Amino acid sequence: MEAPARRRARPRAAFVALSTSCALLFTLTPAAYAEPGPEESTTAPSDPPVTTEPAASPSPTEAPTTKPPVTRPTTKAPPPPPPQKVRKFTVSVSDVVLGDAYWQGNGASKLVISVQNLGETAETITGFYTFPSGTRATGGYGIDGCRTSNGTLSFSCPLAPGGIGRVVVDVDVAPDAWRLSGSGNVTAVMENFPEKVRNFSITFNTKPPVPGIELTADPLTLPAQATPRTETATLQVKLRNTGSAKAAGALEVVTPPGVDVVSFPSACRAQRKLSPERSRCELGDVAAGKDVPANFVLSISAAARAEVPLTGAVHGYLAPIGLDPVETRADYKITGPPLAGEPQLPTDAPASPVAVTSSQLSSLPFIGGIIGLVALVGFLVVFSLRRRLRDESATRDRPGMQDDSGARDAASQTLVPEPRRSDEDLPPLPQRTPIPRSLTLPRLPSGPVAGSSFRQPDE
């Protein structure tokens, strides 16, 4: 009976121990659901608190790992872009100049265009040109890499840094073009770069053969400038009546683009503008043999100053009473040193490569050269053979030198074997004494010679 009682006592003891443990647990731990105090809110938080677990300490058997400090990227300005290479070019144009042949009916002349690459990279400079009335292009060619196209009305020049190219245009001027005013222009452009325009004029070295009138115009020289700016200059003109009667005189001043007449001389009885580039001055009667000086003040714009040299013209008129008026012309130039950084390019016409290649080359110089070369080689061969024969003859004349010369000849033999001679194995001939030119024998005594069997007939 004790065994069943002991079995029933064990669950009770276990229950008591469990109850005691729970009571102690609730007594030592603060109540999770304690009543709130008067100053506490009864509203439970909407989000449970986030508990951050402490980092586990490294094991004593493991060495602590040292991490490099985290460097935050610093904000710096981007590096400056690499400097761009300089791109620059310049262009110069000559005037179309005519001489005495023009007044005889020959209006042929040339227009020279020069371009230079002033940049740091290779560039291709292209352009075109237009002519004034009475002038037309008849041909052309380019040198130093330039070439013409579109019937010689345009050009293209691929140039290395610092390279200079030129284009020569053949021009024909009409017989009455000297009476006309106007100028042509050349436009040059580089890719993605502003274009440049240069003007040119039709000028005459000599005056037209007109009797009874004489006209002169002095050139203008501008001072040096670092940068182009507007300035003024005085054009001095002189008209002379070389006839035998008085005549009404007049002057017309033709200015290049960018140049204007701003002041007329006091000798003008009347003045007016015929066009933006042509101004007329009426001088009144000019007595026979009289000179009329006239000074015109010109205003030169900054754009025109950058394009010097410029060319203008002055036309003079004399109208005698009852006769037709006569006209003449004189050209003037506006020059000055180039601006800073703008070199003066050559505008002289080079020799035409077309003229050299179009004419047939004669074959006589080549034939003469070949004949001369063959004659020179033959002379050298003959001279060498004669010298060798002379040396061998001198060697044979010396006694005791035959063996040495044979040794030298054997040493100088080439790899090519010489032909075998039939007398190659024969011994050398004995040296002969020279034979005298005359031989005098001794005179024998009369009678039989001793030791001989000769007897007199009577014996």
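Are C268 and C281 buried or exposed? I looked them up, and both C268 and C281 are buried; I'm using buried for under 20% relative accessible area, exposed for over 50% and partly exposed for in between, with a 1.4 Å probe and protein chains only.

Ground rules before I go on. This is a predicted model, where local features need pLDDT of at least 70 and side-chain atom pairs count only at pLDDT 80 or more, while totals for chains, interfaces and linings use all residues. Residues are numbered from 1 along each chain as its sequence is written, and side-chain values use heavy atoms, with hydrogens and water left out.

**Disulfides**

I found two disulfides, a disulfide being a pair of cysteine sulfur atoms within 2.5 Å. C268 and C281 are joined with an S to S distance of 1.8 Å, and I noted -115° about that S-S bond, a left-handed link. C268 sits in the loop between β16 (259-263) and β17 (270-275), C281 in strand β18 (residues 278-286), 13 residues apart. My strand numbers are DSSP runs (E, at least two residues) counted from the N terminus.

The other disulfide joins C146 to C157, S to S 2.0 Å. The link of C146 and C157 is right-handed, with 120° about the S-S bond. C146 and C157 are both buried too. Counting bonded cysteines along the chain, I get the pattern 1-2, 3-4.

**Sheet**

Next I traced an open sheet of six strands with mixed pairing, in the order β13-β21-β20-β15-β18-β17; two strands pair if DSSP finds at least two bridges between them. β13 (220-221) and β17 stand at the edges with a single partner strand each, so one side of each has no neighbour in the sheet. Inside, strand β15 (residues 247-254) runs antiparallel to β18, joined by eight bridges. I checked V254 as well: its bridge partner in β18 is R278.

**Cores**

Which residues touch the most other members of the largest nonpolar core? They are L235, L251, F296, V314 and I334, out of 32 residues. Such a core is a set of buried Ala, Val, Leu, Ile, Met, Phe, Trp, Tyr and Cys residues joined through side-chain atoms within 4.5 Å. β19 gives the most to this core, with five residues. I listed what F296 touches beyond four places in sequence, including L235, L251, V261 and C281; contact here means heavy atoms within 4.5 Å. There is also a second, separate core of 28 residues, with F89, V115, I125 and I202 among them.

**Salt bridges**

I counted 15 salt bridges, each a side-chain nitrogen of Lys or Arg within 4 Å of a carboxyl oxygen of Asp or Glu. D95 and K333 meet at 3.0 Å, N to O, and they are 238 residues apart, with D95 in the loop between β1 (89-93) and β2 (96-98) and K333 in strand β21. D95 counts as buried because its relative accessibility is 14%, whereas K333, at 35%, is partly exposed.

R280 and E282 meet at 2.5 Å, N to O. Salt bridges with shared partners join E252, R272, R278, R280 and E282 into one network. R280 counts as buried at 16% relative accessibility, while E282 is partly exposed at 24%.

Methods
Helix = DSSP H or I, 4+ residues; strand = E, 2+ residues; numbered from the N terminus.
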